[in-house]
Structures are given as C-alpha cells and as structure tokens.
Amino acid sequence: MSNNFGVFAALMRRDLKIIRKSIGKDIIDGGILCLLQVLIFGKLLPIMGMPIASIGPLYLVNICQILFLLGFNLAFNLVFDLKFDRFIQYHFTLPINKKWLFGQYVCSFMVKCITISLPLVSMGLLLLKDVISLSRANWLAFAAIYATSMVFFALLFLTLSFRYEFKWFLDNIWPRRLSPLFLLSASFFPWYKVVAFSKFFGYLFLLNPITYITEGFRRTLLADSQYLPFWLCISIIGIAIIGLIFILSRAMNKRLNPV
C-alpha cells in the first residue's frame, strides 16, 4: 500500500508540473471560446428571438463540450503512445499496482479538466448573470454531479484509448462514437421537450449517460423540476462508471496482454 501510494503521489506531482506549464495557454484558448459563447448566448440569440428561459439549459451543455474536447486530447495522446512512443511501458515497470496506475490516470484527467473547465464555466455564468439565474442553485449537488461526471469522462476516454487501434481511432472515433454519443442525448434540448416531441427519441436518449450529465447540471444549477431528478442522474452515471470500469479492464488486458 505504501509503495503504491508513493508512486501514485510521484506520478501526480509530475502531471501537476506538466499541467502548470500549459495551464496558461489552455485557459487563454478556452477563454476566447468562452467569450464567443457569452456573446452568442448573451446577445445574439436573444436578439434572434430565443426565449431567455431557454438560454440557461443550452449554455450548460458547454460544460460537456469542454469535457469532450479535453477527453479527446487525452485519448489521442494515449492512443499515440500505445502505437509509437510506448511510454506507458515505463509506467508498468514501476512498483505500482495497475489499479493504482489507472486510478492515477483518472485523477490526472480530473485535475486537468477541473483546472480548465471550472474557471471558464464560472466566468461564463458570471458574465451571463442577466440571462441565467442561479439564485436557486444547489451548489453541493452540482459539485457531486460535476465530480461524478469527471470520473465518467476520464474512464470513457481511457476505455476508447485501449479499445481501438490508432488508425481506427483517427478515422472513426468522432463519426462513430463521440458525435452520436453527444448528439443522441438531451444536449441541445431538455429531455422533457424531447419526450414531448417523440416518446421513441425520449426513451432512446435515456439510454445515453450524457443525457443524465446535462440534465444533472440543469437540475442542480437551474433548480427546475422539469429536468430529470438529481438522484436519478447521479445514480445512472454511477452505474455507467461501473460498466466502464469493467469494459476498460477487459480492453486493457486485451491490448497489453495479447497472448
């Protein structure tokens, strides 16, 4: 246990040092995107006739978009390493259990996502305070759904990294996996509007964990009963996390122990 924790802490310190070196550039890049979105959601969409009540639910999808982009960057780097650099083999020579090692990967991803996404989302919500009311927000529940979502995204992109080969990943990961996962969810429309339009699509979207993540953000920050309940969202995300751990374990063993 002490050896595992010592190596875990050393790897985390290394990753934190790397994150500190790039955090300024990442926040500047994300800040430009955030300001453009504030302009669109705060000024242009209301001028075009979008109801103020619809801006909040749509803007919160920005959190998922940031996590998708950061997750893809993590997955691409790992897939590239598995194909060419094989730096991961060095990690396997360290005196650390594989479960601890991949726990470190998950923690590193969460730290990077939090340090980048949380300031940007907070800045956006602050600048959009005239069109998005957070007076009834449940911040403790939001922190729980936010942290749980971080674990889900970390496991999701680690699973994609180990499950698919480099060439297939480059050619197909967005059109065949990530885009359907994002689009076939309650991202652009709250779930209750989807089910009111089509029960088939409403129930189909319930099979997608991203639906529960976006609805969880809306329920905890906007505090409106028309969104899916918090307990349901965090429960389904937890179940999805358990499923991803099982799939990741099998994909990792198959990739690293092909015999």
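Buried means under 20% relative accessible area, exposed means over 50%, and partly exposed lies in between (1.4 Å probe, protein chains only). The model is predicted: local features need pLDDT of at least 70, side-chain atom pairs count only at pLDDT 80 or more, and totals for chains, interfaces and linings use all residues. Residues are numbered from 1 along each chain as its sequence is written, and side-chain values use heavy atoms, with hydrogens and water left out.

**View 1. The whole fold.** The protein has 11 helices and 0 strands. Helices (H or I, at least four residues) and strands (E, at least two) are DSSP runs, numbered from the N terminus. Along the sequence the pattern reads α-α-α-α-α-α-α-α-α-α-α. The radius of gyration is 19 Å, close to the 18 Å from the globule rule for 259 residues, so the protein is as compact as a globular protein of that length. That radius is taken over C-alpha atoms, and the rule is 2.2 Å times the number of residues to the power 0.38. The C-alpha trace spans about 60 × 40 × 35 Å along its principal axes. Of the 259 residues, 47% are buried.

View 2. A salt bridge joins the side chains of R218 and E215, at 2.9 Å from N to O. The term stands for a side-chain nitrogen of Lys or Arg within 4 Å of a carboxyl oxygen of Asp or Glu. E215 has a relative accessible area of 0%, so it counts as buried. R218 is buried as well, at 1%. Side chains of opposite charge can pair when their charged atoms come close. A search of the whole structure finds 3 salt bridges.

**View 3. The K167 and D171 pair in helix 7.** K167 forms a salt bridge with D171, and the closest N and O atoms are 2.9 Å apart. Because K167 and D171 are 4 residues apart in helix 7, they are separated by about one helical turn. K167 is exposed, with 62% relative accessibility. D171 is partly exposed, at 43%.

**View 4. The R14 and D15 pair.** The salt bridge between D15 and R14 has its closest N and O atoms 3.2 Å apart. D15 has a relative accessible area of 14%, so it is buried. R14 reaches 39% and is partly exposed.

**View 5. A positive patch on the surface.** R163, R176, R177, R250 and K254 gather here in a patch of positive charge. Patches take residues with over 30% relative accessible area and no salt bridge; like charges are joined within 9 Å, nonpolar side chains (Val, Leu, Ile, Met, Phe, Trp, Tyr) within 5 Å. Lys and Arg count as positive and Asp and Glu as negative, while His and the chain ends are not counted. A charge is placed at NZ of Lys, CZ of Arg, CG of Asp or CD of Glu. Accessible areas come from the Shrake-Rupley method with a 1.4 Å probe; for residues, only the protein chains shown count as cover. Helix 7 (166-183) and helix 11 (230-256) each supply at least two residues of the patch. R177 lies in helix 7. R177 has 33% relative accessibility, so it counts as partly exposed.

**View 6. W139 in helix 6.** W139 belongs to helix 6 (residues 139-163). Its relative accessible area is 48%, so W139 is partly exposed. L58 lies 81 residues from W139 along the chain, and their C-alpha atoms are separated by 19 Å.
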